[in-house]
Amino acid sequence: MSYDDEIQSVLNNKNTRDVEMAREYCDEHEFYYKEHTCEPMWKDNGDLDIYIVKIHDSTKAKQEFVTKRNKKMKHKPKQYKKK
């Protein structure tokens with residue numbers, strides 16, 4: 001697969017790197033939007049369908065949700081720095 005093909009291809013949850021990239025996108029979104037959480041949703045065939053963004057009432061409520069989700073999924077969010 002060429003670089004251009006890779007850029008054009010749809011993310012698929014059968015590819016571990018695609019799953020990582022979808023999660024990294026959500027981690028970055030959550031970093032910049034402090035009361036949002038983001039979850040990738042996958043179609044039955046494994047292709048990325050949409051990202052579900054939920055807006056929480058407070059950053060505390062968001063953090064409680066994220067802590068539970070990350071523990072369940074054994075996920076450690078990538079650390080970002082504000083530009």
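I started at K74, which is exposed, with a relative accessible area of 79%. I count a residue as exposed over 50% relative accessible area, buried under 20% and partly exposed in between, with a 1.4 Å probe and protein chains only. K74 sits in the segment after α3. K74 is not a glycine, yet its phi is positive, about 55°. Most residues other than glycine have a negative phi.

Ground rules next. I am working from a predicted model, where local features need pLDDT of at least 70, side-chain atom pairs count only at pLDDT 80 or more, and totals for chains, interfaces and linings use all residues. Residues are numbered from 1 along each chain as its sequence is written, and side-chain values use heavy atoms, with hydrogens and water left out.

**Overall layout**

I looked up the elements and found three helices and two strands. From the N terminus on, the order is α-α-β-β-α. Helices (H or I, at least four residues) and strands (E, at least two) are DSSP runs, numbered from the N terminus. The protein has 83 residues, and 27% of them count as buried. I then took the contacts between residues at least 6 apart in sequence: 47% join residues at least 24 apart. Contact here means heavy atoms within 4.5 Å. The accessible surface comes to about 6700 Å², and carbon and sulfur atoms hold 53% of it. Those areas come from the Shrake-Rupley method with a 1.4 Å probe; for residues, only the protein chains shown count as cover.

**Helix α2**

I checked the length of α2, residues 16–32. Its 17 residues should span 24 Å at 1.5 Å a residue, and the end C-alpha atoms are 25 Å apart, which agrees. The expected span is 1.5 Å times one less than the number of residues. At the start of α2, a side-chain oxygen of N15 comes to within 2.8 Å of the backbone nitrogen of R17. The buried residues of α2 are D18, A22, R23, C26, D27, H29 and E30. Their cover includes β1 (36–42), β2 (48–55) and α3 (59–73).

**The disulfide**

How many disulfides does the structure hold? I found one. C26 and C38 form it, with their sulfur atoms 2.1 Å apart; the cut-off is a pair of cysteine sulfur atoms within 2.5 Å. C26 lies in helix α2 and C38 in strand β1, so the pair ties together parts that are 12 residues apart in sequence. The S-S torsion is about -45°, so the disulfide is left-handed. C26 and C38 are both buried.

**E39**

I moved on to E39, in strand β1. Its side chain makes a polar contact of 2.7 Å with that of R69. A polar contact is a pair of N or O atoms within 3.5 Å; within protein, one must be able to donate a hydrogen and the other to accept it, and residues adjacent in sequence count only if both atoms are side-chain atoms. Leaving aside neighbours within four places in sequence, E39 touches R23, C26, I50, Y51, I52, F65 and R69.

**Helix α3**

Which residues of α3 are buried? They are K62, V66, R69 and N70. These cover an arc of only 95° around the axis, which puts them on the same side of α3. The arc is that of the directions from the helix axis to the C-beta atoms. The buried residues of α3 pack against α2 and β1. The face turned away from the buried side carries the exposed K60, K68, K71 and K72.
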